[in-house]
Amino acid sequence: MAPKPVRLALRRVLREVRHVRPVPFGRATGLVRDVYRQLERDFGMLAPPVALHSPSPPVLAAAWVMLRESLVAAGETSRADREVVASLVSQRNSCPYCVEVHGMALDSLGRSPEASAIAAGQAVTDPLDGDLSPAARTELTAVAFAFHYLNRVVNVFLGTSPLPSSVPDSAREKAKAVLGRLLRPGSGAMPGESLDLLPAGSQDFSWAAGNPFVEDAFSRASAVFGSLAVSSAVRDAVVRELSTWDGSPPGPSRSWAAGAGDPAVRLALVVAKAPYQVDDALVAAAGLDDRELVELVAWASFTAAAHCVSLIPVRN
């Protein structure tokens with residue numbers, strides 16, 4: 001965990017969140033407070049990609065449980081390999097914010113060449129390729145799932161960089177180096193400590209059978225997303241669109257989603273398939289309050305992440 005003065009400074013980065021107002025650390029109560037405390041303890045800072053979910057406390061907890069039990073908790077795979085998977089997924093999803101964050105993590109773990117290559121769009125070896133044990137495959141697939149989810153959310157609610165917009169261009173490289181050192185990943189948190197934040201779930205995740213903590217985490221998170229008050233029109237449209245999608249980016253145009261008459265449906269479709277196309281006008285047109293917006297974006301992101309993971313080739 002970063003020193004207290006640094007933690008206090010990092011909490012102010014929540015001001016960079018767009019479209020919704022996250023709960024400030026000092027005003028957090030109940031479930032939001034519990035998640036915030038774990039997040040600072042185990043991730044090193046009040047990370048905006050997680051904290052921005054706070055207008056919906058159950059979704060905040062679900063986002064943290066997925067991230068912690070996939071990326072942060074100790075397991076068979078190294079944190080560096082998990083960071084490579086997170087970075088590769090983020091690059092494929094056109095999420096420069098996440099590429100930069102996890103590139104800094106890779107730098108701090110001695111994997112700078114891979115971080116630089118991923119940021120430049122160059123090929124690197126994907127740890128998910130090749131022969132893996134069931135536990136290792138589960139852990140890395142969980143990271144891919146978590147970042148297919150988080151990339152979508154980040155593209156809606158955050159900018160292109162984790163550094164505050166007030167940092168001048170001339171100081172950005174130095175600021176990144178300092179932040180990378182402060183947030184250097186540790187040896188791994190104890191698995192399963194986030195699970196009690198959510199009730200038990202019942203959905204079977206066959207891809208997660210190699211790690212019971214991961215399987216439990218995603219089952220609990222799935223129960224949260226499944227219970228959200230998202231309209232049947234949104235659910236039906238997104239599921240229908242994803243059913244024939246091979247995961248390829250649809251391109252720079254949003255014409256493929258133009259036929260959706262309901263602005264909330266249109267927003268959910270774009271979040272699911274092309275979150276980098278979401279802009280202020282698309283969000284504003286949906287006319288949702290903070291909790292409604294977080295929950296619609298989160299549901300569409302989770303549904304799309306599950307679909308993307310189903311496309312990963314099965315290997316023994």
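This is a predicted model: local features need pLDDT of at least 70, side-chain atom pairs count only at pLDDT 80 or more; totals for chains, interfaces and linings use all residues.
Residues are numbered from 1 along each chain as its sequence is written, and side-chain values use heavy atoms, with hydrogens and water left out.

**View 1. The second largest pocket and its lining.** On a 1 Å grid over the protein atoms alone, a pocket is an open set of points with protein on both sides within 12 Å along at least five of seven lines, a cavity is a set of points where a 1.4 Å probe fits but cannot get out, and lining residues have an atom within 4 Å of a point. Grid points are joined across faces, edges and corners, and a volume is the space filled by probe spheres set on them. The second largest pocket is lined by 28 residues, of which T141, F205, S206, W207 and V309 are the closest to its centre. At least two lining residues come from each of α8 (134–157), α10 (212–226) and α14 (290–310), and α14 gives the largest share, with six residues. Helices are DSSP runs (H or I, at least four residues), numbered from the N terminus.

**View 2. The largest cavity.** The whole structure holds one cavity of 30 Å³ or more, and about 50 Å³ of space lies in the largest cavity. Its lining consists of E69, S70, A73, A74, R82, E139, P191, N211, F213 and V214, with α4 and α10 being the elements that give two or more residues.

**View 3. P58 in helix α4.** P58 has its place in helix α4, which covers residues 57–72, and is partly exposed because its relative accessible area is 29%, between the limits for buried (under 20%) and exposed (over 50%), found with a 1.4 Å probe on protein chains only. Not counting residues up to four places away in sequence, P58 touches L31, L198, V224 and R291, where contact means heavy atoms within 4.5 Å. From P58 to V224 the C-alpha distance is 6.6 Å, although 166 residues separate them in sequence.

**View 4. K273 in helix α12.** K273 lies in helix α12, residues 263–273, and counts as buried because its relative accessibility is 11%. Neighbours within four places in sequence aside, K273 is in contact with E241, L242, W245, P250 and W256.
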